[in-house]
Amino acid sequence: MRCLNLGSALAMENNGMIDKTDMEKRAIRDARRFLAEALTEMDLMGPLHDRKPEDIDRIIEACVDGFQDSMLRQSNAGVVPY
């Protein structure tokens with residue numbers, strides 16, 4: 001958790017922004033294909049088809065951030081996976 005705390009402190013110092021590592025940037029780009037496949041299967045790709053990659057990346061990042069936040073809250077609450 002030390003890394004998470006340091007990252008949070010850095011984000012607060014930079015108005016909520018942390019520069020992504022090259023690995024994080026690649027991971028977000030790679031996730032676009034999986035998001036596109038899921039949206040296509042659900043017939044939801046149309047409205048997002050012509051959006052800029054940066055817009056799609058914001059959606060991916062929001063999902064990842066929400067997932068990580070939930071995992072942290074559950075862990076801090078002592079929730080044990082089963």
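Modeller: The protein chain averages a pLDDT of 85, and 79% of the residues score at least 70. pLDDT is the predictor's confidence in each residue, from 0 to 100. This is a predicted model, in which local features need pLDDT of at least 70, side-chain atom pairs count only at pLDDT 80 or more, and totals for chains, interfaces and linings use all residues. Residues are numbered from 1 along each chain as its sequence is written, and side-chain values use heavy atoms, with hydrogens and water left out.

Colleague: Which element has the lowest mean pLDDT, and which the highest?

Modeller: Helix 1 has the lowest, at 58. Helix 2 has the highest, at 95. Where pLDDT is low, the predicted coordinates should not be read in detail.

Colleague: What makes the pattern of the protein chain α-α-α?

Modeller: Helices are DSSP runs of H or I with at least four residues, strands are runs of E with at least two, and both are numbered from the N terminus. Read along the sequence, that gives α-α-α.

Colleague: How do you know that the span of helix 2 is close to the expected one?

Modeller: The expected span is 1.5 Å times one less than the number of residues. Helix 2 has 20 residues, and 28 Å is expected. From first C-alpha to last, helix 2 reaches 30 Å.

Colleague: Why are Glu 61 and Lys 20 called a salt bridge?

Modeller: The rule asks for a side-chain nitrogen of Lys or Arg within 4 Å of a carboxyl oxygen of Asp or Glu. Here N to O is 3.5 Å, so the pair qualifies. By this rule the count comes to five salt bridges.

Colleague: What does the pair of Glu 61 and Lys 20 tie together?

Modeller: Glu 61 lies in helix 3 (residues 53-76), and Lys 20 lies in the loop between helix 1 (2-13) and helix 2 (22-41). The pair therefore ties together parts that are 41 residues apart in sequence.

Colleague: Why does Asp 55 count as buried?

Modeller: Buried means under 20% relative accessible area, exposed means over 50%, and partly exposed is in between (1.4 Å probe, protein chains only). Asp 55 has 19%, so Asp 55 is buried. Its salt-bridge partner is Arg 51, at 3.1 Å from N to O. Arg 51 has 46%, so Arg 51 is partly exposed. Of the 82 residues of the protein chain, 9% count as buried.

Colleague: How do you know that Asp 69 and Arg 73 are about one turn of the helix apart?

Modeller: Both lie in helix 3, four residues apart. An α-helix has 3.6 residues a turn, so residues three or four places apart point the same way. The side chains of Asp 69 and Arg 73 meet in a salt bridge of 2.9 Å, N to O. Arg 73 is exposed because its relative accessibility is 51%. Asp 69 has 39%, so Asp 69 is partly exposed.

Colleague: What makes the phi of Asp 43 worth a remark?

Modeller: Asp 43 has a positive phi of about 55 degrees although it is not a glycine. Most residues other than glycine have a negative phi. Asp 43 lies in the loop between helix 2 and helix 3. Its relative accessible area is 70%, so Asp 43 is exposed.

Colleague: Why is the charged end of Arg 33 said to sit over the ring of Phe 34?

Modeller: The rule wants NZ of Lys or CZ of Arg within 6 Å of the ring centre and within 35 degrees of the ring normal. The charged end of Arg 33 is 4.3 Å from the centre, and it sits over the ring.
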